[in-house]
Amino acid sequence: GCVDDVIVYRVAEDRYLLCVNAANIEKDWDWIVQHNHDRATLVNRSDEYALIAIQGPNARAILQPLISLDLATIRRYWAASGEVTGVSALIARTGYTGEDGFELFVAAKSAALVWQACLEAGREHGIVPVGLGARDTLRLEAGLLLYGNDLDAMTSPLEAGLRRFVHFDKGMFSGREALAKQQAEGVGKQLVGLTMKGNGIPRHGYALWSQGAQVGVVTSGTQSPTLGTGIALGYAPPSLCVTGQTLEVEIRNRHVPAQVVALPFYRREA
């Protein structure tokens, strides 16, 4: 299973920053301490940081006047140290929206200053503050998993479509033996993307049906503003997770047809 879905930033030759899900700070910290065996010096600096995400096609244009370095030099999933409106920051070309954008790690005490500067700089570009509801819709359209919904301690990365992150050629790692066995024998469930072909919005926890039997469950679902239809992630037997296959989502005691599609539902233009 998966402890969390994190990003690891190498900030110096022998220093790393782990950005974890806020709800998992304590759990992740305990797991890391348990498995460290005095190999690294560990510091939990969660309360010292704030993170501001500027996302969308105008993100670079908004931020560049505030940043002390050339944002074009930062590649996707890379980061660099610099200043944002005079405040020291780690500037990462990352995000959870499926769009281009940047995440700014700044001292918590400076967060309000940086936030206001970003809003002012983005005014002419139509910047707006958004909350978790909008972000959740965006990440789902982009096929990005949410820990606690689509990924958890009972779901392996092979089942969750994250095989590209499992490198059996890199020696021993936690969970390697179990994953190698699963790789050889095949997974019992598989992540699947669905678009609704009937009226109804799929939601977390709704049952998936095929030929009169429940075969799985929706883990994330919403009405997609971009596609104009309901979309969902869920788990079902691999034999049913074939593009074009029809499954049914149980919505208020109705079985509404949905079609298996390739992920992501939406991909931004380069």
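The structure contains zero disulfides, a disulfide being a pair of cysteine sulfur atoms within 2.5 Å. The model is predicted; local features require pLDDT of at least 70, side-chain atom pairs count only at pLDDT 80 or more, and totals for chains, interfaces and linings use all residues. Residues are numbered from 1 along each chain as its sequence is written, and side-chain values use heavy atoms, without hydrogens and water.

For C2, the closest cysteine sulfur is that of C19, at 17 Å, too far for a bond. C19 is likewise in no disulfide. Its nearest cysteine sulfur, in C118, lies 17 Å away. C2 is buried, at 10% relative accessible area, whereas C19 is partly exposed, at 23%. Here buried means under 20% relative accessible area, exposed over 50%, and partly exposed in between (1.4 Å probe, protein chains only).

The largest nonpolar core has 23 residues. Such a core is a set of buried Ala, Val, Leu, Ile, Met, Phe, Trp, Tyr and Cys residues joined through side-chain atoms within 4.5 Å. Helix 3 (111-121) is among the elements giving two or more residues, and contributes the most, with five. Helices (H or I, at least four residues) and strands (E, at least two) are DSSP runs numbered from the N terminus. V106 is among the residues with the most contacts inside this core. Beyond four places in sequence, V106 contacts residues including Y49, V87 and V114; contact means heavy atoms within 4.5 Å. A second, separate core of 15 residues includes V192, A232, L240 and L247.

G198 sits in the loop between strand 7 (190-196) and strand 8 (207-210). G198 is partly exposed, at 25% relative accessibility. Excluding residues up to four places away in sequence, G198 touches V256 and P257.
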